[in-house]
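Visitor: I would like to learn how to read a model like this one. Could we go through it feature by feature?

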Amino acid sequence: MTAEEFVRELDARNQAVLERLAPDATLAPEVSGDLNVPNLLRVALKNEIEATEIAARWLTTTDDVEVKMAFARQAGDEAKHYRMIADRLRELGVDARGFNPLAKGYGPLFNYLDTLTTTVERVSAGQFTREAIAVVKNRQFIEFCDRAGDRVTATLYRDVIEPDERFHHELGRSLLVRSATTPEAQEMARRAAARTLALAEELQTAALRTAGIHHAPGC
Ligand SMILES: [Fe+2]
Ligand SMILES: [Fe+2]
């Protein structure tokens with residue numbers, strides 16, 4: 001199978017799983033406390049800091065200039081999202097400056113991504129798949145904000161964060177087309193994508209309900 005064919009197939013496979021991520025069911029297990037905009041934004045801060053850090057770690061451990069700069073771009077965008085979300089929390093009366101989203105440690109998705117050493121696995125899991133999940137979750141979060149009457153947060157996600165996450169997904173697509181060129185590489189990419197989706201799906205199980213914060217809106 002050519003790399004283009006492989007990426008199309010992987011995309012279809014991912015989308016089929018993503019359709020199962022039901023709106024509020026996806027959000028509920030990730031929040032400690034009430035399901036409201038500030039609590040969800042706190043979860044988002046953790047996702048943004050983890051996404052920033054994983055991209056930054058990966059940019060220092062590849063010699064491929066195109067890949068390096070893709071991770072650099074992503075790290076910068078995720079750090080920008082972090083600041084925008086922290087600013088929005090302050091407007092909502094929550095001072096995020098004393099809040100350390102990593103106080104309870106890194107989440108299982110971060111820990112999994114951190115084990116990946118090849119470009120094909122990294123771009124498949126961390127960009128192509130994780131950012132596709134982010135797009136779906138952010139769309140759900142925008143609907144949630146609209147229903148809650150928070151138009152400012154909805155607009156921040158609709159106009160800035162969601163388009164950036166979509167761009168990260170597209171970066172992943174182009175790097176995957178470049179790197180998933182052999183049956184072995186395609187198998188590695190497929191496995192990394194499946195593991196990433198499985199970690200996202202586990203959030204919907206009751207077992208993780210008590211495990212605190214995992215993956216959520218806005219990475
Ligand atoms: Fe992103
Ligand atoms: Fe982000």
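Visitor: Which residues coordinate the iron ion (ligand 2)?

Guide: To read a metal site, list the donor atoms and their distances. This is a predicted model, and in it the iron ion (ligand 2) is coordinated by E48 (OE), E48 (OE), E78 (OE), H81 (ND1) and E165 (OE). The distances run from 1.9 to 2.8 Å. Along the chain, the donors follow the spacing E-x29-E-x2-H-x83-E.

Visitor: Are E78 and E165 buried or exposed?

Guide: Here the number to look at is the relative accessible area. E78 has a value of 0%, so E78 is buried. E165 also counts as buried because its relative accessibility is 0%.

Visitor: How many residues does helix 7 have, and what distance does it reach?

Guide: For a helix, compare the end-to-end distance with the expected one. Helix 7 has 29 residues and reaches 40 Å from its first C-alpha to its last, close to the 42 Å expected at 1.5 Å a residue. The axis is worth checking as well: helix 7 has a kink of about 40°, centred on R158. At its start, a side-chain oxygen of D150 comes to within 3.4 Å of the backbone nitrogen of V152.

Visitor: Why does the span of helix 3 agree with its number of residues?

Guide: The same check applies. Helix 3 (residues 37-59) has 23 residues, which should span 33 Å at 1.5 Å a residue; the end C-alpha atoms are 32 Å apart, so the two agree. At the start of helix 3, a side-chain oxygen of N36 reaches to within 2.9 Å of the backbone nitrogen of N39.

Visitor: With which residues is T153 in contact, leaving aside its neighbours within four places in sequence?

Guide: T153 lies in helix 7 (residues 151-179). With those neighbours left aside, T153 is in contact with V37, L41, R88, L92, F141 and C145. T153 is buried, because its relative accessible area is 0%.

Visitor: Why does R73 count as partly exposed?

Guide: The class follows from the percentage: R73 has 39% relative accessibility, so it counts as partly exposed. R73 is placed in helix 4. Apart from neighbours within four places in sequence, R73 is in contact with F167 and L171. R73 and L59 are 14 residues apart in sequence, and their C-alpha atoms are 9.7 Å apart in space.

Visitor: How many helices and strands does the protein chain have?

Guide: Counting elements gives the outline. The protein chain has 8 helices and 0 strands, and along the sequence the pattern is α-α-α-α-α-α-α-α. Of its 219 residues, 51% count as buried. Among contacts with a separation of 6 or more, 84% come from residues 24 or more positions apart.

Visitor: Where does pLDDT stay under 50?

Guide: The protein chain averages a pLDDT of 89, and 88% of the residues score at least 70. Over residues 210-215 pLDDT stays under 50, and the model has 17 contacts beyond four places in sequence for them. Where pLDDT is low, predicted coordinates should not be read in detail.

Methods. Residues are numbered from 1 along each chain as its sequence is written. Chains are lettered from A and ligands numbered from 1 in the order in which they are written. This is a predicted model: local features need pLDDT of at least 70, side-chain atom pairs count only at pLDDT 80 or more; totals for chains, interfaces and linings use all residues. Side-chain values use heavy atoms; hydrogens and water are left out. Helices (H or I, at least four residues) and strands (E, at least two) are DSSP runs, numbered from the N terminus. Buried means under 20% relative accessible area, exposed over 50%, partly exposed in between (1.4 Å probe, protein chains only). Contact means heavy atoms within 4.5 Å. Donors are N, O and S atoms within 2.8 Å of the metal (3.2 Å for Na, K and Ca); water is not among the atoms, so sites may look incomplete. The expected span of a helix is 1.5 Å times one less than its number of residues. The bend at a residue is the angle between axes fitted to the seven residues ending there and the seven starting there. A polar contact is a pair of N or O atoms within 3.5 Å; within protein, one must be able to donate a hydrogen and the other to accept it, and residues adjacent in sequence count only if both atoms are side-chain atoms. pLDDT is the predictor's confidence in each residue, from 0 to 100.
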